[in-house]
Amino acid sequence: GQLGLGTTEDSLVPRKIEAFKGIPVKMVAAGAEHTAAVTEDGELYGWGWGRYGNLGLGDRNDRLVPEKVS
């Protein structure tokens with residue numbers, strides 16, 4: 001789920017993340033199991049494997065698409 005494409009399938013080519021359609025992304029940090037992105041407005045998004053609370057979303061749930069950190 002760390003690709004943010006709504007699935008756990010691999011992708012062999014880069015693909016647009018639909019959740020960011022119309023939202024300019026400034027930075028991305030990609031790890032082996034989760035990903036984070038900061039938009040140009042300074043909002044933080046997390047997705048992927050959240051078992052240890054590593055997505056910053058206040059729980060231990062996995063996310064298949066980016067979710068804004070409150």
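Select Arg63 and Glu67: the two form a salt bridge, with their closest N and O atoms 2.7 Å apart. A salt bridge here is a side-chain nitrogen of Lys or Arg within 4 Å of a carboxyl oxygen of Asp or Glu. The model is a predicted one, in which local features need pLDDT of at least 70 and side-chain atom pairs count only at pLDDT 80 or more, while totals for chains, interfaces and linings use all residues. Residues are numbered from 1 along each chain as its sequence is written, and side-chain values use heavy atoms, with hydrogens and water left out.

**Around Arg63**

Is Arg63 buried or exposed? Arg63 is buried, with a relative accessible area of 12%; buried means under 20% relative accessible area, exposed over 50%, and partly exposed in between, using a 1.4 Å probe and protein chains only. Asp59 is partly exposed at 27%, and Glu67 is partly exposed at 34%. Through shared partners, the salt bridges join Asp59, Arg63 and Glu67 into one network.

Next select Lys68 and Glu43. They form a salt bridge whose closest N and O atoms are 3.2 Å apart. Lys68 lies in strand E4 and Glu43 in the loop between E2 and E3, so this pair ties together parts that are 25 residues apart in sequence. The strand labels come from DSSP runs (helices, H or I, have at least four residues; strands, E, at least two), numbered from the N terminus. Lys68 is partly exposed at 44% relative accessibility, and Glu43 is partly exposed at 28%. By the rule given above, the structure has three salt bridges.

**The sheet**

Now show the strands. Four of them form an open sheet in the order E1-E2-E3-E4, with antiparallel pairing. Strands pair if DSSP finds at least two bridges between them. Which strands stand at the edges? They are E1 and strand E4 (63–68); each has a single partner strand, so one side of each is left without a neighbour in the sheet.

Go through the pairs in turn:

- E1 and strand E2 (residues 34–39) pair over five bridges. Select Met27 to find its bridge partner in E2, Val38.
- E2 and E3 also pair over five bridges. Select His34, whose bridge partner in E3 is Gly48.
- E3 and E4 pair over three bridges.

Between E2 and E3, look at the hairpin. It has four residues between the strands, and Gly42 there takes a positive phi near 85 degrees.

**The aromatic residues**

Colour E3 by accessibility: four of its five residues are buried. Then select Phe20 and Tyr45. A search of the whole structure finds three aromatic pairs. Rings of Phe, Tyr and Trp (its six-membered ring) pair if their centres lie within 6.5 Å; planes under 30 degrees apart count as stacked, over 60 as edge-to-face and the rest as tilted. The centres of the Phe20 and Tyr45 rings are 5.1 Å apart and their planes stand at 75 degrees, so this pair is edge-to-face. Phe20 belongs to the segment before strand E1 (25–30) and Tyr45 to strand E3 (residues 44–48), so the pair links parts of the chain that are 25 residues apart. Both Phe20 and Tyr45 are buried.
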